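Take a look at the sequence and the 3D structure below. The report that follows goes through them part by part.

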Amino acid sequence: MNLALLLLSSSTLVHLSAVDLAIIVFYFALVLGIGLYLKGQANTGEDFFMAGREMTAWVAGLAFLSANLGSLELMGWAGNSYKYGILAAHWYWIGAIPSMLFLALVMMPFYYVCKTHSVPGYLKLRFGKGAQAISSISFAFMTVLMSGINMYAMAVVMRVVLGWDLNFSILVSSLTVAAYVALGGLRSAIFNEVLQFFLIWAGALLIPILGLIEAGGWTGLQAKILQNLTEQHVANPGSYTHLWSTLGSFGSNPMGINWAGIVFGLGAVIAMGYWTTDFLVVQRVLSAKDLRSAELAPIIGAAFKMCVPFIVILPGLLGLALLRDPQGHLLRLVPADQAWSAAGQAQGLHGYDEVLPLMLARYCGPGLLGLGITALIAGFMSGMAGNVSAFTTVWTYDIYATLINPKVTDDFKVKMGRWVTVIGVIISIGTAYLVMQAQSIMDYVQALFSFFIAPLFGTVILGMLWKRASPAGGWTGLLAGTLSSVGMYTWVKIDPNAVRYVALSMDAQDQAQNMFRALWSCLICMIVTIVVSYMTKPKPDSELKDVVYGLTPIPKTEHVSWFHSPIFWAVVVAAIFVILQIIFW
Amino acid sequence: MKSGSHLSIWFFTGICLGVNGLLIFITGIYEIANPPANKVALYDLHANVWWGGFLLVLGLVYSLRFSPAQERKRMSKSS
């Protein structure tokens with residue numbers, strides 16, 4: 001039987017009504033309308049690639065967060081919270097908040113003062129073309145892969161919830177994203193990201209609210225999860241609802257990780273790398289109208305980021321406690337490859353990543369279902385658009401205008417930006433089909449982060465804070481870090497026993513392996529950078545003005561009251577972050 | 001993102017929330033009068049009525065507060 005038909009026939013909970021379809025169609029019309037409206041405001045390179053650098057702190061902050069609210073946030077992490085329990089919330093808290101605040105208060109002044117168009121552009125100013133070339137090529141590669149992941153995730157939602165054909169979903173989403181980014185550039189992407197931010201909250205917030213009512217609050221939820229997992233003989237059932245207390249050893253939690261992997265691998269390397277050097281998110285902040293807005297934007301993003309587990313992690317936990325099949329038996333989700341196998345389909349199995357749509361179908365009737373589906377579509381499209389717009393900028397400025405044709409005119413850059421948007425979407429479509437072979441969306445994404453992002457953070461932070469770092473040290477360190485990460489990944493794939501060396505324990509699951517691989521690759525990058533820098537000639541101080549700490553006069557922001565000061569709000573966010581760790585310890 | 005001659009992003013946001021809220025609210029009222037055969041979990045809470053109503057009010061506030069007319073007024077006051 002056709003896969004789509006099989007799902008459709010087994011999904012009695014999800015039938016779209018006319019009002020649901022109207023909500024989805026209205027969303028697509030609005031998104032395309034915004035793209036058309038903004039076409040006239042994207043005439044120069046600065047307009048198309050940097051949104052004119054005129055965004056307020058709120059717009060830049062919400063776009064900064066929303067660009068990250070793609071499939072990664074919605075389906076992937078809901079699936080991971082079903083698989084690993086509340087440990088998945090670490091990716092929102094210690095895996096985001098400290099690094100977002102670090103970006104705001106420490107790194108943003110350098111990015112902003114040197115007026116770079118991109119993070120690879122900063123590396124060019126700091127280390128020269130070698131580091132820029134490695135960074136821009138690896139980043140361009142990563143963005144199109146990530147865009148494809150979002151496309152794939154959206155197609156899965158459409159398949160699970162609506163029974164739509166995967167190919168049809170990929171075609172519709174890719175055409176829409178290509179149209180609105182090619183028309184309005186970064187400004188259009190940012191407009192839609194802010195819109196999508198509101199849609200995601202409006203569409204997803206009901207699931208945890210209604211879920212907690214049904215489960216009997218947080219205490220009732222904990223009790224139900226413990227009871228269900230004990231009945232299924234799952235190891236360490238109590239660890240699914242504790243954030244830190246089960247991280248003393250690798251074997252006492254479902255992720256097979258310890259506190260060092262979370263604190264150093266995730267918090268100090270992967271998160272710092274992603275939130276401070278991944279150009280996809282940093283580009284949004286660079287579009288801010290002044291330095292104070294650029295500093296406030298990541299803080300605003302951090303404040304909302306702390307709340308996202310409510311609409312992503314909690315639904316995964318609620319799925320563990322409440323999901324039942326049509327006969328009323330406890331529903332147990334399985335890895336994606338098992339769910340998608342012929343035997344899995346015949347048994348009506350669902351993958352981990354399907355937990356969020358299943359919860360949506362559980363609570364949402366006509367209208368609300370349409371809004372929830374629209375929220376998911378919006379999340380995936382923002383992820384796609386964010387990656388495609390970042391790819392376009394890096395290709396045009398850091399690859400074409402730097403490595404291929406340095407004499408390119410501003411007009412040509414805009415034309416190229418529009419065409420590269422379309423080409424980036426086409427490559428993403430290929431990636432979407434590639435991702436279908438992966439066991440879990442998030443594990444795949446985290447593997448990519450550890451390849452490219454972790455070493456990049458080592459290079460950027462040394463470049464910003466240590467003026468002795470030389471151009472040769474910069475690019476060799478970055479190359480060594482990236483190759484070592486790919487090497488460790490390949491080693492474990494060839495010999496699974498190598499996990500004991502790479503991740504320090506045979507209990508380490510995929511996510512734990514990614515954390516440790518990121519940690520080692522960043523350390524290797526930094527060590528190679530330092531050693532090579534001492535062996536080679538550094539840049540003179542005169543060439544490091546505006547890019548290195550100590551040689552960069554940071555412009556004083558206008559005098560504002562403490563209430564409007566970025567530092568005050570950073571302290572507030574940090575305090576709430578600490579309180580959350582204690583509550584869910 | 002706001003400027004005198006351009007529509008604000010907050011205006012688009014208001015339109016989006018308002019239209020969706022209205023559709024959901026009306027559907028919720030219709031469902032009370034004509035209960036569906038296959039009910040979702042916690043149907044009796046009528047989430048679509050109060051959630052749709054909330055989105056409608058929020059959408060109206062945003063679209064009126066950031067309407068083109070209000071934007072022009074703000075621009076003329078500041079200039």
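## Where the chains meet

In this model, 28 residues of chain A are in contact with 24 residues of chain B. Contact means that the C-beta atoms of two residues, placed from the backbone, lie within 7 Å. On chain A, α2 (18-38), α9 (166-204), α10 (206-215), α18 (355-363) and α19 (368-404) each supply at least two residues of the side that touches chain B. α2(A) gives the most, with seven residues. Helices are DSSP runs of H or I, at least four residues long, and strands are runs of E, at least two long; both are numbered from the N terminus.

By class, this side of chain A has 23 nonpolar, three polar and two charged residues. Nonpolar covers Ala, Val, Leu, Ile, Met, Phe, Trp, Tyr, Cys and Pro; charged covers Asp, Glu, Lys and Arg; the others, Gly among them, are polar.

## About the model

The model is predicted: local features need pLDDT of at least 70, side-chain atom pairs count only at pLDDT 80 or more, and totals for chains, interfaces and linings use all residues. Residues are numbered from 1 along each chain as its sequence is written, while chains are lettered from A and ligands numbered from 1 in the order in which they are written.

## A covered helix

Helix α7 of chain A runs over residues 119-127, and nine of its nine residues are buried. A buried residue has 20 or more other C-beta atoms within 10 Å of its own, with C-beta atoms placed from the backbone. Among the buried residues are A:Tyr122, A:Lys124, A:Arg126 and A:Phe127. Just after α7(A), A:Gly128 takes a positive phi of about 100°.

## Two crossing helices

The axes of α19(A) and α20(A) (residues 410-435) come within 9 Å and cross at roughly 125°. Axes are lines fitted to C-alpha atoms over the stretch in contact, and angles run from 0 to 180 degrees between N-to-C directions.

The contact includes A:Phe391 and A:Trp395 of α19(A), and A:Met416 and A:Val420 of α20(A). By class, this contact has nine nonpolar, six polar and one charged residues.

## The shape of chain B

Chain B has three helices and zero strands. Its radius of gyration, taken over C-alpha atoms, is 17 Å, well over the 12 Å that the globule rule gives for 79 residues, so chain B is more spread out than a compact globule. That rule is 2.2 Å times the number of residues to the power 0.38. The C-alpha trace of chain B spans about 60 × 15 × 15 Å along its principal axes. Buried residues make up 39% of the 79 residues in chain B.

Conventions: A residue is buried if 20 or more other C-beta atoms lie within 10 Å of its own, exposed if 12 or fewer, and partly exposed in between; C-beta atoms are placed from the backbone.
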